[in-house]
Amino acid sequence: MPLNVTQKLIKDHLMSGEMIAGTEIGLRIDQTLTQDATGTMVMLELEAMGLDYAKTEASAQYVDHNLIQVDSKNPDDHLFLQSATRRFGLYYSRPGNGVSHPVHMQRLAKPGKTLLGSDSHTCANGCMGMLAMGAGGIDVAMAIAGEPFYVKMPKVWGVKLTGELPEWVSAKDVIFELLKRHDVKGGVGKVIEYHGEGLKSLSAMDRHVIANMGAELGATGTVFPSDGEIKRFLKEQDREKDWVEIKADRGAAYDVEEEINLSELEPLIAKPSSPGNVVPVREIAGEPIYQSYVGSSANPGYRDFAIAAEIVKGKQVADGISFDINPTSRQMLTDLVNEGHIANLLQSGARLHQAGCNGCIGMGQAPATGRNSLRTTPRNFPGRSGTKEDSVFLCSPETAAASALTGVITDPRTLNVDYPKIKDPRKPTIDMNLLDSPLDPEQARQVELYKGPNIASIPEMDELPDQLELPVLLKMGDNISTDEILAGGARVLPFRSNLPEISKFTFEIVDESYYERSMAVRGQGGHAIIGGFNYGQGSSREHAALAPRFLGMRVALVKDFARIHWQNLVNFGILPLTFRDEDDYSKLKQGDVLELTDLRNKIQQGNEFNISIKGKNKSIAVQHALSGRQVEMMLKGGLINWVRERQNAAKS
């Protein structure tokens, strides 16, 4: 039977289950990626598991999110991460080396391999002919320890690309086109696989841009073939020996099929406050802006910065505009300096920041209140920028640079200048100076972990009770993101290794009283929340499940879940339920009390049962999507307890 690229990758790594869409499969993981906003918890989990040495082919810890050092919290945690990577046999990418996804692509990604990362944009490395997926930190910790990664077998969504991008249109507009057609839920339960003649005109980094924002469609992953372009990229990185060809077989089929004619695309933009709120730039041209921002893992390539530099070369940005340049890797920054592009940007009035995620995760560059910010980042969820009531638009580097010159949102085609032709550096920089290689096992065993005062162990979590009376503390609408559940940014993320402290920020964007109200009922059995469609979209940060669990959340009842957050809830013992009849959502309100009886037996006997609304003589039919393995985890109170019990049984 002819196989597509996704099917080949899954078949080669299948450890359990069958390749039937919607059923649970276990996959062997070759590589892992962690970043500092999630990695501290992963390293604490590895310590709790008693891991001796990483079982993967390559695992890397990047420091790219928490770079602002306003006090000792971030630098202390950086030292902890460095000591942990030395102890457990991981690569360590130091502060300033760059954003995890492009650096991993440059230095470690290999066609044909699986990559699991505790960052939702890990899917970006699917551009290399890999099966690259985001997951919660504890799933990545398990993979580092040699355990399979369990996921529902996805459908494969084949997107055939034809034609060639016109001038002033770039890779960002390709993924915007899919978001315009399908919004932020379009990829749920699917891997997006690109194929067709249109691939010939897309560079490896163009493909990275497209693959990166598959996360914004809710996709399990994004896959490109490993072809001559990937071979060229690896040769440029002095890694040609890592290349293997991986293409779909002739006659391979897809579960869902779609076509995009690149020649017909135009500059697109996502309006506040969702990546799926996409319209042509020309429709909102003229809107004034305060900030124009180029960078992030969603536009990390050399050409993305070089094209902006060439557009503003010899010109000045508009008066009062903050034109922010966030390089994505030290290696790429060196090339941009050598080719004169950084000088052109600075002379135009741009502000140059260090290589890292920076403003993408709310670490600096927050926009002014009531002003529009134009960004090449992947997300514009409410408050993500660091400004509570922000107004963030997502766009391509071409649109960002053109708008910086005019001071208003501008269709770059209207600049009336020639479209710059960007040439790659004659000899690209290869820089391993800030990427420390793993120690050998004997050396690693001599390393002691460094723990600063901000690191707190994960509290014990109790088993799932058989009877629960849970007040509904929040009722929310559709598309609640993990940024709204637990914000990122410079104010919150420094507490990432201190669960009691970071929990104080939980749901503050939705309801500032949530923390106090949850603490008031925490010792009385906990609470529940109600949500709409696509609950938990966005970041993979497991703190968005850990913090609510710490505050007593036992049940999340919604219309449906985003994949990674659903898995994180299961991992930490919060029961994720959906309405059997979505109309029942309207029967519940904040303040209602849910009664769950004989709960342990019910979730084992089937996936549907009823819960009552106390004092109202009403019941709601609900369902769960847990596998048998996940039911066991839920009964134990989460994955940590489940693993600990297995280890104790093995020792006895």
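Author: Helices (H or I, at least four residues) and strands (E, at least two) are DSSP runs, numbered from the N terminus. The model is predicted, so that local features need pLDDT of at least 70 and side-chain atom pairs count only at pLDDT 80 or more, while totals for chains, interfaces and linings use all residues. Residues are numbered from 1 along each chain as its sequence is written, and side-chain values use heavy atoms, with hydrogens and water left out.

Reader: Which residue just after α12 takes a positive phi?

Author: G349 does, with a phi of about 110°. Helix α12 itself spans residues 341-348, and its buried residues (under 20% relative accessible area with a 1.4 Å probe, protein chains only; exposed is over 50%, partly exposed in between) are H341, I342, N344, L345 and S348. These residues cover an arc of only 160° around the axis, taken from the directions from the helix axis to the C-beta atoms, which puts them on the same side of α12.

Reader: What do the buried residues of α12 pack against?

Author: They pack against α10 (302-312), β16 (322-326), α11 (330-338) and β17 (351-352).

Reader: At what angle do α10 and α11 pack?

Author: Two packed helices are described by the angle between their axes and the distance between the axes. Axes are lines fitted to C-alpha atoms, for helices over the stretch in contact, and angles run from 0 to 180 degrees between N-to-C directions. For α10 and α11 the angle is about 35°, and the axes lie 10 Å apart. Contact (heavy atoms within 4.5 Å) is made by Y302, F305 and A306 on α10 and by M332, D335 and L336 on α11.

Reader: Which residues of helix α17 are buried, and why do they line one face of the helix?

Author: An α-helix has 3.6 residues a turn, so residues three or four places apart point the same way. In α17 (residues 514-521) the buried residues are Y514, S518 and V521. Seen down the axis of α17, they fall within an arc of 70°, so they line one face. The face turned away from this buried side carries the exposed residues E516 and A520. The cover over the buried residues of α17 includes β21 (468-475), β22 (527-530), α18 (543-550) and β23 (553-558).

Reader: In what order do the 3 strands of the open sheet stand?

Author: Strands of a sheet pair through backbone hydrogen bonds, either parallel or antiparallel. Here the order is β1-β2-β8, with antiparallel pairing (two strands pair if DSSP finds at least two bridges between them). The edge strands, each pairing on one side only, are β1 (14-16) and β8 (149-152). Neighbouring strands of this sheet are turned by 45° against each other on average, direction ignored. Helix α1 (residues 5-13) packs on the sheet and touches β1 and β2, its direction making about 55° with that of β1. Between β2 (residues 24-27) and β8 there are 4 bridges, and L27 has F149 as its bridge partner in β8.

Reader: Is S59 buried or exposed?

Author: S59, in strand β4 (residues 58-62), counts as buried because its relative accessibility is 2%. Its side chain joins that of T32 in a polar contact of 2.5 Å; such a contact is a pair of N or O atoms within 3.5 Å, where within protein one must be able to donate a hydrogen and the other to accept it, and residues adjacent in sequence count only if both atoms are side-chain atoms. Not counting residues up to four places away in sequence, S59 touches T32, L90, Y91 and I144.
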